[in-house]
Amino acid sequence: MNARKYRAETVVDGRGQTSPGQKAAVTPPPAYRLIGRLTSRVDGREVVTGRAKYTHDVKFPGLLSGKILRSPRAAAEIVSIDLAPALALPGVMAALKLAEGRVRYAGEPLAAVAAVDAATAEKAIGLIKVESKALPFVVDWQKAQEPDAPQVRDGKPNVEPLNDYNRGDVAKGFAEADVVVEHTYRTGFEIHHPTETHGSVALWEGEHLIVVDSTQNVHGVRDGLARALKHPASKITVIKTYMGGGFGSKLGLNDYTVVAANLARESGRPVKITLTRRENAMCVGYRPSSYQTCKAGAKKDGTLTALQLTNVASGGLGAGDDVAEPMVDIYKCANVKADETTVYTNTGASRATRAPGHTQGDLGLEGVMDELAAALDMDPLELRRKNYSTRNQGDTGVPYSSKALDQCYELGAKSIGWERRNAKPGQGPANGPWRRGLGLATSIWFGGGAPGTLADLVLYPDASVEVVCGTQDIGTGTKTHMAVVAAECLGLEPGDIAVKEGNSDYPWAPLSGGSLTTPSVAPAVRDAGLKAAARLKEMAAARLKIAPADVVGADRKFSSKNDPSKSATYAEVFRDLRRETVFHGERGGMPEGFAYNTFGAHFAEVEVNVETGHIRVLKYVAAHDSGQIINRLTAESQIIGGVTQGLSAGLFEERIMDDATGHAVNPNLRDYKIATALDSPEITAVFADVVDPRLNNLGTKGLGEPPRIPSSAAIANAVFNAIGVHVREIPMTPARVLQALKRKEAGS
Ligand code: MOS
């Protein structure tokens with residue numbers, strides 16, 4: 001993929017920095033030397049040359065291969081599991097029963113073996129004798145609601161309430177409206193499919209358990225293992241090496257990790273379990289579906305009077321996502337009501353998936369907003385700017401700056417060329433069978449970070465520096481931002497800093513999810529860095545026999561600001577430390593009631609073929625308020641990734657279950673379609689120039705999930721603008737586009 005393609009346009013942030021090859025903007029000089037600039041990944045070379053070691057690559061002497069036997073039946077009563085034939089196979093070192101009683105989805109673990117190699121382990125699980133009684137099951141969430149549907153869980157109904165929200169009086173609000181629109185929007189089952197499939201390696205050293213895990217959460221996996229194994233957390237270390245993504249599917253302890261630890265204990269040897277792509281598709285979660293009826297009412301001038309959502313979610317054996325938050329928080333409408341239920345089915349449990357609930361809710365809310373704008377004959381951008389909120393829950397609490405939101409709307413609209421949209425949906429010029437259109441969608445997310453995050457900065461007498469934090473770089477560039485912040489504080493370069501992360505023995509940091517990482521870790525590193533810099537200044541002052549306030553540091557030297565001939569090199573000052581010295585940093589708390597939202601406004605330009613139903617995304621602009629950007633390069637990458645993932649979900653991705661067998665029919669990357677470079681448009685990242693010091697010592701906010709949230713919705717709205725009918729269901733397959741066009745012809 002040609003990265004430069006994404007930088008075809010001038011991208012300007014508040015500090016006037018531009019990506020390479022772009023025109024420089026006329027703005028004040030940056031306040032920071034490194035922070036906010038483009039910094040290449042400190043580990044980029046390792047990754048692109050294939051030297052980086054992932055969990056799959058981890059080897060220990062005597063390492064065994066673990067495999068899990070999974071239920072072929074979507075519901076069954078297990079009568080017996082006989083491990084003896086597997087254990088009799090030469091090379092099999094341990095076997096475990098994992099199921100008894102009911103199993104409730106195809107893919108549920110039944111038993112596991114550890115053997116000298118993968119082929120032997122595979123053969124061994126085939127020898128395990130399972131006797132089971134098939135039970136009725138249901139994998140379709142609509143059928144699961146029928147009165148005679150098989151009961152998925154013992155003693156519990158298949159349909160349960162999920163969320164109930166009410167403010168104001170929607171009946172009154174709709175009565176006050178001049179225009180009311182109501183439509184149903186649907187989102188399907190989207191699988192995380194990280195590049196690196198799931199896996200763990202377990203090794204016992206006496207009483208101490210070491211687990212190498214592809215995880216977003218080393219501390220959480222350690223604590224989960226302690227509970228699962230009834231083993232002290234103090235005797236467990238969880239290590240994450242290089243990692244190929246998680247998107248929420250690796251946020252906590254997984255069953256195969258416990259299995260690896262138990263097989264290792266049983267066999268007395270280290271055990272590795274890595275999941276296949278098929279297991280990844282069926283057994284470790286997905287984004288729950290939604291079926292949202294959204295109703296919006298407004299005055300003629302566009303003032304919202306009421307918003308209402310009725311959602312039926314489904315998350316298999318887990319609860320679906322509450323999708324109401326965008327409706328509750330993005331607009332300052334006085335009357336909002338949400339009723340949500342969830343439907344249980346015999347499929348594996350869904351799981352947090354990049355911006356849970358928000359991506360689904362955004363499709364409905366921003367879809368109905370566009371249909372409302374059309375009914376009002378109003379520019380969808382104007383409708384949004386008239387109603388957006390800078391507080392949560394419809395204008396409560398301490399507001400954040402509206403300047404950031406205005407910038408996202410204005411810079412984004414300018415960059416895409418918003419004036420080129422069709423003034424009325426579907427009435428643009430035709431290019432053969434192709435119709436062009438522009439759409440937008442907005443999002444909020446909670447990007448404040450986790451108070452209490454710790455980071456240590458270590459100065460060594462040989463003038464080397466290390467930062468240590470028990471966070472996890474899951475492929476997003478966390479190591480690089482830690483190096484950037486430490487180097488900024490100390491007058492060094494990012495490459496000078498040794499970065500240690502991904503180990504539960506290191507100082508506490510939250511899971512790498514929820515867009516928490518940067519606003520948790522960067523302020524903690526900065527806190528430690530500022531303390532270390534102050535100590536070095538004191539030491540330089542002592543050496544130079546001047547007051548610390550008179551010390552200036554530059555070019556790896558400290559000198560007296562009054563007498564530049566008085567100077568000492570970094571090497572000399574560090575040597576005075578005599579031993580390594582640790583500085584503890586902590587990310588502080590945040591003020592009560594303040595909305596820590598991040599904001600995003602996405603703009604898409606598409607072409608839709610009205611004969612075949614195909615959609616091409618031509619151009620995309622994502623404008624974000626994430627406060628202080630730490631590393632411009634990885635922030636842009638995050639946006640490109642989030643937009644591509646939303647495009648992929650919007651156009652292609654959907655897990656399809658087979659009613660007869662209870663299996664997914666597309667548990668691989670051939671039949672489950674994911675966007676490739678060829679599907680990706682030019683993507684431009686734009687950042688707002690608003691830094692709020694109330695947030696933390698850098699004013700930085702998260703950017704992990706935000707760019708994924710409005711991206712399917714912006715494309716759906718662009719399709720609406722192009723063809724004059726909203727598809728209202730993702731993925732927007734050609735068949736669904738053609739159905740929507742038929743609906744338009746029928747005038748409904
Ligand atoms: Mo995310 S769903 O918090 O990895």
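Colleague: Which side chain does a polar contact join to that of Arg-104?

Modeller: A polar contact is a pair of N or O atoms within 3.5 Å; within protein, one must be able to donate a hydrogen and the other to accept it, and residues adjacent in sequence count only if both atoms are side-chain atoms. Here the side chains of Arg-104 and Asp-154 are joined by such a contact of 3.0 Å. This is a predicted model, in which local features need pLDDT of at least 70 and side-chain atom pairs count only at pLDDT 80 or more, while totals for chains, interfaces and linings use all residues. Residues are numbered from 1 along each chain as its sequence is written, and side-chain values use heavy atoms, with hydrogens and water left out.

Colleague: Where is Arg-104 found?

Modeller: Helices (H or I, at least four residues) and strands (E, at least two) are DSSP runs, numbered from the N terminus. Arg-104 is found in the loop between strand E4 (101-103) and strand E5 (109-115). Contact means heavy atoms within 4.5 Å; not counting residues up to four places away in sequence, Arg-104 touches residues including Val-152, Leu-317 and Asn-346.

Colleague: Which residues of helix H3 are buried?

Modeller: An α-helix has 3.6 residues a turn, so residues three or four places apart point the same way. Buried means under 20% relative accessible area, exposed over 50%, and partly exposed in between (1.4 Å probe, protein chains only). In H3 (residues 118-127), the buried residues are Thr-120, Ala-121, Ala-124 and Ile-125. Seen down the axis of H3, they fall within an arc of 135°, taken from the directions from the helix axis to the C-beta atoms, so they line one face of the helix. They pack against strand E1 (64-70), helix H2 (84-87), strand E3 (92-97) and E5. On the other side of H3, Ala-119, Lys-123 and Gly-126 are exposed.

Colleague: In what order do the four strands of the open sheet lie?

Modeller: Strands of a sheet pair through backbone hydrogen bonds, either parallel or antiparallel. Two strands pair if DSSP finds at least two bridges between them. The order is E20-E19-E18-E24, with mixed pairing. Strand E20 (497-500) and strand E24 (581-586) are the edge strands, each pairing on one side only.

Colleague: In which sense do E19 and E20 pair?

Modeller: Strand E19 (residues 465-468) pairs with E20 in the parallel sense, over four bridges. Val-468 has Lys-500 as its bridge partner in E20.
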